[in-house]
Amino acid sequence: MNNESPNAASTTSVSRVRVERRTDGAFADTPTPRLSWTVDSAVPGWWQAGAEVRLDGGQAGERVQRLETDESRFVAWPFEPLRPHARHTVEVRVTGVDGGTSPWSDPVTVRSTFLADGEWVAPFVGLAGSGAEDGAGTEDGAAAAGPAEPATPGLLRTELDLDGDVARATLYASAHGVYQVEINGQDVDDAVLKPGWTAYQHRLVHEATDVTALLRAGANAVGVRLAGGWWTERYGFHGAARTFYGEQPAVAVQLHVELADGTTRVLTTGPDWRGSATGVVVASGIYAGERIDARRAAPGWSLPGFDDSSWPAVRVDAGVDTGTDTGVGAPGVVPEPAIAEPVRRVEEIAVREVITTPSGRTVLDFGQNLVGRLRVRVTGERGQVVTLRHAEVLEHGELGVRPLRDAAATDHLVLSGGDDVLEPEFTFHGFRYAEVDGWPGELDLETATAAITAVVISSDMRRTGWFECSDERVNRLHENVVWGMRGNFVSLPTDCPQRDERLGWTGDIQVFGPTASYLFDSDAFLASWLRDVAAEQAERDGVCPVVVPMVLPFGTEPAAAWGDAATVVPTTLLERFADRRALAEQYPSMRAWADVLLGVAGDRLLWEGGFQFGDWLDPDAPPDDPAGAKTAPDIVASAYLVRSLQLVARAARELGHGQDAATYGDLAERARQAWVGEYTTPSGRIVSDAQTAYALAIAFDLVDDATRAAMGDRLASLVRRADHRIGTGFVGTPIIQDALTTTGHADVAARLLLQTGVPSWLYAVTMGATTIWERWDSMLPDGSINPGEMTSFNHYAFGAVADWLHRTVAGLAPAAPGYRKLRVAPVPIVGLDRAATRFETPYGTAEAGWEARDGQIVVRAVVPANASAVVVLPGGRDDADGAAGDQIDVGSGEHEWTVPDPRWVSARRAAS
């Protein structure tokens, strides 16, 4: 470590000061939020010796707290707990072990987003006469008795007179449905589909938006645009879809206004509000799409003085007894502050091509499978209807809508007769292609480019991870993974974004979590979803269901690799983000899941029998039986039993629960021995002689070193016999490349990665895919869609291979929680000339990569300040105890090494 820089202060600075997890602002969702910051320093090996945090610098009551810590990630709040409605500025400066002290960081304004206990008093209100009784939380999850009626979108409003200037104002709002608030004619923010989807019967979230600039002394108006969204959607398959939460939407608004004279006004929804089934949104559904009628615009409806005398008073939903007279609407859940970034419009994409199909229809190609909707600028006759149908692919030149099943995914735009700019608001679609019908005039490429734009929506997480190599097909594969994640991280981690499903399947995120944590800062997003996991488990005696939120009539029995999200995802948040608070919050959930499995496994400590998804979508499974994998489901389930017990023991050690650590650690070892005894032979074969079985044994450390080596050889042999075509499903695919590489078969892993025949990762790329497919052959080589009833062209699970590209091919992995210590260990693979990755760690920018030059490998690494790295160069040894071998320990800064190319050396030895 270099401590000799005489100008340390001038070369060191603090940036990206953050409060808690969110990346889109400094929002304190708890009275004691954690602080994080990034140090930028040109001093090689810079390490923090201490830090100072200044609260309200330059103001009366300024305070400075000295912290004797080298940590800059999730540092405990050093002041007294924050109060509700509080606003403060926070600055940080750091001192290195070299004695140099940085300047103060730029001040960050911290806002409390939580309310005091009992402070939420706003009831949920909806349109009068549109279904006051909703059924969320009923015993069977069905809606209240009675015929279903379509959810009615509409507008709600009230007015507020303020007798003084506004010093500050915060809007707290939530909904049974989806909404946006306007104040004096302006949207309060740019979020969409608020408040997102949570397990509504257990947990609702509210926004806390600064609306000071939108209010004024005198008359003000507050308006809400409201639709059903996920609350009124019908969930289920094969004609059995049903409403789960409620038939009609409602919204709760609580506006806190502090006037310049110090007095406070609180406006809430209530019976004095008025609402009408008017506005441009006529009908809306997540799956169905939206009907917009521009003729129904109500100019000035959210401005003071609007005549709403014809609007009836709103419906006030019946409250549930919460012990206080809060008037909280059904199902009686008091909203809590949102801890994750909201969904926003994150990108816009232009029309790439206008296609005339064989049947004469007009289809727009945006060149990218995306999630969002279309914004249309159009002028036509009053009452003319423009219809937009969406799909991910073309089949035989026509829009391929069969995979959508019962999702209409169609928007209808009724024109006003003037110049209209129309965009659906409360729905979204997964699509690359859009069929346009009823367009006024000719729709050529020039017209379409000017008039129609694809608006991409996603939870607004900060992008953090990139990868690039010498093979453009692999680069496209990686980009497909990014787009698949972006489209399926819409409020919660879904399986697919296009058909009549879009559910939070736990198995998908269980395998994809590490990749997600690298590509985007998804800590807040996943921590929020995990609260729903815990809530759903609590209702089911510890069982983590197959989808969260749970809205299906099946899937409440334990299922391996799906329910194990309860233990795996919190562990991922610890490993990748150093989020010990999330681990502690979820620990009861983790332990509850482990206890469920122990009850199922019994004295044999083997998870046998019952329904299992197994190695879902093994490429050899029949189209109509995706669970029909080569690896026996009991082998998968019992391996995950070991894995979850190991992770609970690890979490217990991390959190200081010594007795639990010993208990679950012992159970994990006994279960591991039971797995070996039941499913393996002394020579290292597994009774299911299949790729996924061996990958599980290796990746989950189920066998000893000698057996591991033999299993690695057998796995490599199976892959070669399959002509280096993939032979794994959801369970095996994320781990097979690690299993091959760590047992000395990087050459086989390389050929598996670069294979283009079906099934393979690159097959979809050769077929023009721009996202990851659900099935290895979602589209057949002849261009027809897989005949299976379940086919999606945007599923991220098989994209979990990207984590191996980051960690192994480019060589950047965490060696300590949150990448405080990096592991730089690139594995150059045959077929590539270079590979590199860049990652915005919690401590700053890290890079790793390699390039082949004239029989040598040049390895480059960048280590951020206040972090270190252990480096294992290509061809070197990596002893597990770190006491010997070719490991190199380095501090922050840029580093480069040149070593003989191990591929070239091996080839020369083989030739001789």
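**Entry 1: ground rules**

Helices (H or I, at least four residues) and strands (E, at least two) are DSSP runs, numbered from the N terminus. With that in hand, I found Pro 424 in the loop between β32 (419–422) and β33 (429–437). I'm working from a predicted model, where local features need pLDDT of at least 70 and side-chain atom pairs count only at pLDDT 80 or more, while totals for chains, interfaces and linings use all residues. Residues are numbered from 1 along each chain as its sequence is written, and side-chain values use heavy atoms, with hydrogens and water left out.

**Entry 2: more on Pro 424**

Next I checked what Pro 424 touches, with contact meaning heavy atoms within 4.5 Å. Leaving aside neighbours within four places in sequence, Pro 424 is in contact with Glu 290, Ile 292, Arg 373, Leu 374 and Asp 411. I also noted His 412, which is 12 residues from Pro 424 along the chain, with 9.1 Å between their C-alpha atoms.

**Entry 3: a tryptophan in a loop**

Trp 77 sits in the loop between β5 (63–67) and β6 (87–96). Its relative accessible area is 9%, so Trp 77 goes down as buried too. Which residues does Trp 77 contact, leaving aside neighbours within four places in sequence? My list reads Pro 31, Thr 32, Pro 33, Leu 35, Leu 55, Leu 82 and Val 90. I took a second look at Thr 32: Trp 77 is 45 residues from Thr 32 in sequence, yet the two are 5.4 Å apart in space, C-alpha to C-alpha.

Take Cys 496, which is in no disulfide: the nearest cysteine sulfur belongs to Cys 544 and is 18 Å away. Cys 496 is at 0% relative accessibility, so I marked Cys 496 as buried. Cys 469 is buried as well, with a relative accessible area of 0%.

I picked out two cis peptide bonds. One joins Lys 194 and Pro 195, with omega at about 0°, and Pro 195 lies in the loop between β13 (191–192) and β14 (205–210). Another joins Val 548 and Pro 549, again with omega at about 0°. I placed Pro 549 in the loop between α6 (523–539) and α7 (565–577).

Then I turned to phi. Arg 16 has phi near 50°, a positive value in a residue other than glycine. Arg 16 is in strand β1 (residues 12–19), and its relative accessible area of 29% makes it partly exposed. Asp 723 has phi near 60°, also positive and also in a residue other than glycine. Asp 723 lies in the loop between α12 and α13 and counts as partly exposed at 41% relative accessibility.

**Entry 4: helices on α13**

Two packed helices are described by the angle between their axes and the distance between the axes. The axes are lines fitted to C-alpha atoms, for helices over the stretch in contact, and angles run from 0 to 180 degrees between N-to-C directions. For naming the angles, under 35 degrees is roughly parallel, over 145 roughly antiparallel, 65 to 115 roughly perpendicular, and the rest oblique.

First pair: the axes of α12 (residues 705–721) and α13 (residues 733–742) come within 9 Å and cross at roughly 120°, so α12 is oblique to α13. From α12, the contact uses Arg 708, Leu 715, Ala 716 and Val 719, and from α13 it uses Ile 736, Ala 739, Leu 740 and Thr 742.

On the α11 side I listed Gln 691, Ala 695, Leu 696, Ile 698 and Ala 699, and on the α13 side Ile 735, Ile 736, Ala 739 and Thr 742.

Notes:
Buried < 20%, exposed > 50% of the residue type's maximum accessible area, 1.4 Å probe, protein only. Disulfide = S-S within 2.5 Å.
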